[in-house]
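Please read the following note beside the sequence and the model. The points go from the whole chain to its parts.

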Amino acid sequence: VEVRRGGGGHGRKLWVLVFPLPFQGHINPMLHLAGALHGRGGLSVTVLHTRINAIDPSRYPEFAFVEVPDGIPPEVAATGTVVDAILAMNAALEVSPSFRDVLASAVDGAEGRPPAACLIIDANLLAAQKVAAGLGLPTLVLRTGSAASLCCYLAYPILLQKGYLPPKESQLYEPVKELPPLRVRDLFYSSDTNQEKARETLANITETVRNSNGMVINTFDKLEPAELKRIRDELNNDIVVVLAAGPFHKVSSINNGSSMNLQPDQSCIEWLDTQATGSVLYVSFGSLASLDSNEFLEVACGLESSGQPFLWVVRPDLVRGLNRVCLPDGYEQAVEGRGKMIRWAPQQEVLAHRAVGGFWTHNGWNSTLESISEGVPMICQPQFADQMLNTRYVKAVWGVGFELEGNLERGKIKKAIRRLMVEKAGTKIREHAKELKNKVEGCLESSGSSQIAIEKLVNYIISLQ
Ligand code: UDX
């Protein structure tokens, strides 16, 4: 197989299609992986994207883009859960003639190109895997979450069978013997009414993985050695390669920040430049998690009373049911110079800034890994999906943060911030965060495990051509 380097777009011999799930926490890692492939192997990448959360192709001139239908009904897009959207998308894709046509032309190798080597899909897109398989197009899966969360999904049928789920109030703190160090409350779970849909979604993920040729996970060997081993042992007979090649945003040669339509507010970087080293708490709850108006008020007052400088991402939809935020009278004057609120941050740049000394996060996997990558310790406030599980690992396995449990209350928030940022009680956590950052740097060196994993992935893709 001839692989030519340099240049972007079409015309080269080896190419792959990538298809992210159209949500922020899934699009970013897929584009970073695409950037890692584009940079290393001289591959060209075609990104399949949807009307919902469409990616602006002009921001990624290295890639070609093709729009495919998402099939998510407008009412689901407006008010449904992510799980509803995923199920609707899979139902639509499986029978969509236009989606099939896009893959078929990739298999035929239109425009003077050979057939695409493979399709790299988000693990949630089982229908895409099935359509590709029907056309003889190999698939590789990108797992955007941790290895530990995948272990939990693989074990889900057993967890249900053994009665861990749905969780009982009296057993929330009991260990899940099959998945140490998880406790019942750390398991992926959605409310009772959505239990069946959650089960179906997780079963789809494991089926997509098992039916594909290989998988690449956004983690690194030294972060989750036991979990990666467990996955490799369990999938040994089903798939050829299981690679840990993260953190993708660090291995990618192309990193244009987040793909979201909200423009990152760069003024916060100049503001951070004026703050003392390690003094600023960065506060963000990701792209989906929200607060009610009382919680919002408690967060605002807790930040104010902590006395610590803070940078807070207040998305337009952060407060449930309101499209504007209400701060107490005189709040902005009270925190002037010490507190900054923005709609959307250049998060990776913020976490890498010398002034940032702590992150109050919802523990979406991307945020967790980005924080680990920069040695920033965390206050964890998980809400749903894999976030509770990520929090458990942050606290009990890596020791780089602690959970803010129970109701949000200003006094408790103030104490947590002081502990994380300045008090002796947080020293170990701050040290562990620095140590873990060194491990990240190790995996990114030229002979580091994640660089080797990307090379293996490129070689594997070449072998599929
Ligand atoms: C969702 C799910 O909620 C989570 O459980 C799952 O692990 C991933 O998908 P999301 O809310 O999108 O998570 O959070 P996260 O995974 O942390 O991803 C958010 C991304 O947006 C990160 O890459 C972060 O850098 C970026 N971001 C966030 C910004 O660029 N600016 C911001 O202001 C906030």
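1. A residue counts as buried if 20 or more other C-beta atoms lie within 10 Å of its own, as exposed if 12 or fewer do, and as partly exposed in between, with C-beta atoms placed from the backbone. Buried residues make up 47% of the 465 residues in the protein.

2. This is a predicted model, in which local features need pLDDT of at least 70, side-chain atom pairs count only at pLDDT 80 or more, and totals for chains, interfaces and linings use all residues. Residues are numbered from 1 along each chain as its sequence is written.

3. The protein has 19 helices and 13 strands; helices (H or I, at least four residues) and strands (E, at least two) are DSSP runs, numbered from the N terminus. The radius of gyration, taken over C-alpha atoms, is 22 Å, close to the 23 Å that the globule rule gives for 465 residues, so the protein is as compact as a globular protein of that length. That rule is 2.2 Å times the number of residues to the power 0.38.

4. Around the ligand there are 23 residues, of which Gly25, Gly286, Gln347, Gly364 and Ser367 come nearest; a residue is near if its C-beta atom, placed from the backbone, lies within 6 Å. Helix 1 (24-41), helix 14 (347-352) and helix 15 (365-373) each give two or more residues to this shell. Helix 15 provides the largest share, 4 residues.

5. Helix 8 (residues 195-211) has 17 residues. Among its buried residues are Ala198, Thr201, Leu202 and Ile205.

How values were computed: Expected span 1.5 Å × (residues − 1).
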